[in-house]
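Dear colleague,

Please find the structure below, handed over for your work. My notes on what was found in it follow directly after.

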Amino acid sequence: MRIAPNTAQKVMQVVQELGYIPNVSAKKLTNGSGETFVPEIAVMWAPKVGSAFLELLVRNTMDLVERGQAMEMRLTVSPFRISQLETTGADILSRSYNGAIASPYFEEEYQYIQRIAAKIPIVVLHRPTELCPSVAVDNYDCGALAARVFAMRGHRRVAILCADRVGTDIRQTDHRLTGFRDVCQEKGMECQAMFNPYRERKALTTAELSAFGRQMALDYLSRDALPDAIFIQSDVIAAGFLNSLQVEGVRVPEDIEIITYGDDRVAAACYPGITTVDYPSEAIARHAIQMMSDMLLNPFSRPASVSVKTRVTFRRSCPMPEGWIDEPVG
């Protein structure tokens with residue numbers, strides 16, 4: 001269709017005044033040649049989250065496409081750092097991706113993603129959001145679950161060890177802490193919360209997390225304040241904590257019981273194996289891909305957010321309590 005130059009100029013003037021950005025999902029669904037187009041999805045990945053989940057996204061995308069349960073799509077990793085929010089977002093929009101799967105960590109990252117959600121289909125991981133469909137666990141329930149195990153094991157003095165500072169804007173940590181504390185109060189358990197006093201506001205490496213765990217164990221021992229049981233909100237920190245206890249001759253689970261939260265593979269590789277409130281990575285990856293596929297196929301509908309259930313995998317560091325009902329929660 002031909003448009004008169006004067007009309008085109010008026011349209012572009014209005015576009016600029018309104019700050020309009022073309023819908024990238026519609027823009028690239030066809031390449032004009034009649035060939036089948038494969039949508040390109042930006043994976044906005046925060047370094048703090050780790051890389052293992054990326055493998056699950058790719059594997060589940062291939063499996064769902066092969067089964068005919070999701071449309072074919074191409075995943076492109078786009079590093080997502082709190083210091084580069086505007087740059088990363090502008091790059092994703094300018095490249096005309098068809099959608100994005102985002103794994104924000106800090107509060108500013110969540111807020112930024114919600115600001116650009118009207119311009120590109122986005123699935124958010126780890127925490128519910130108001131403007132985007134999300135796939136997450138109930139972090140409150142995760143903390144409460146660990147505390148219920150300790151209560152059924154008969155412990156009276158328990159602790160929770162967090163990787164983040166006091167006053168952090170990382171709400172997932174806050175919600176697990178609140179869930180843990182609420183059950184402790186309900187069950188009459190004395191609860192101590194320990195935070196990382198050394199941490200700058202950045203993503204820590206695996207080595208730094210492990211070192212923090214080792215140092216926290218030594219701090220407990222130096223004050224002769226070891227609790228009956230401890231819930232550690234990172235599997236890597238838990239591994240470091242366990243290492244220091246073993247070096248100092250503290251027996252697990254005889255002298256202290258440990259539960260961690262996170263990747264089942266890390267906890268299983270320790271000796272003794274560490275009981276885990278599992279982060280259901282496989283299910284989250286699968287839901288995220290299916291949700292993105294639905295958004296691409298039905299651009300005028302918004303999929304409902306999904307809360308993925310979790311459960312406790314018991315190992316030697318904290319045996320299963322008598323009478324425990326093993327079923328997913330969340």
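Is Arg316 buried, exposed or partly exposed? Arg316 is partly exposed, with a relative accessible area of 42%; here buried means under 20% relative accessible area, exposed over 50%, and partly exposed in between, with a 1.4 Å probe and protein chains only.

This is a predicted model, in which local features need pLDDT of at least 70 and side-chain atom pairs count only at pLDDT 80 or more, while totals for chains, interfaces and linings use all residues. Residues are numbered from 1 along each chain as its sequence is written, and side-chain values use heavy atoms, with hydrogens and water left out.

Salt bridges

The search of the whole structure gives 7 salt bridges, each being a side-chain nitrogen of Lys or Arg within 4 Å of a carboxyl oxygen of Asp or Glu. Side chains of opposite charge can pair when their charged atoms come close.

Arg316 takes part in one of them, with Glu254, at 3.7 Å between the closest N and O atoms. Glu254 belongs to the loop between helix H9 (235-247) and strand E9, and Arg316 to the segment after E12, so the pair ties together parts that are 62 residues apart in sequence. Helices (H or I, at least four residues) and strands (E, at least two) are DSSP runs, numbered from the N terminus. Glu254 is partly exposed, at 47% relative accessibility.

A second salt bridge joins Glu257 and Arg153, at 2.5 Å from N to O. This pair links distant parts of the chain, 104 residues apart: Glu257 is in strand E9, and Arg153 is in the loop between helix H6 (139-152) and E6. Glu257 is buried at 4% relative accessibility, whereas Arg153 is partly exposed at 30%.

Asp63 and Arg67 also form a salt bridge, their closest N and O atoms being 2.9 Å apart. Asp63 is partly exposed, with a relative accessible area of 24%, and Arg67 is exposed at 54%. Together with Arg286, Asp63 and Arg67 are linked in a network of salt bridges.

Sheet and helices

An open sheet of 6 strands has the order E7-E6-E8-E9-E10-E12, with mixed pairing; two strands pair if DSSP finds at least two bridges between them. Strands E7 (190-194) and E12 (312-313) stand at the edges with a single partner strand each, so one side of each is left without a neighbour in the sheet. E12 is joined by 2 bridges to strand E10 (residues 275-278), and the two run antiparallel. Val277 stands opposite Val312 of E12.

Helix H7 (residues 171-187) lies across strands E6 (157-161), E7, E8 (229-232) and E9 (257-262), and runs at about 175 degrees to E6. H7 also packs with H6 at an angle of about 35 degrees, their axes being 6 Å apart. Axes are lines fitted to C-alpha atoms, for helices over the stretch in contact, and angles run from 0 to 180 degrees between N-to-C directions. The residues making this contact include Tyr140 and Phe150 of H6 and His175 and Phe180 of H7, where contact means heavy atoms within 4.5 Å.

Cysteines

The count of disulfides is 0, a disulfide being a pair of cysteine sulfur atoms within 2.5 Å. The sulfur of Cys162 is 9.1 Å from the closest cysteine sulfur, that of Cys191, which is too far for a bond. Cys162 is buried at 0% relative accessibility, and Cys132 is buried at 1%.

Yours sincerely
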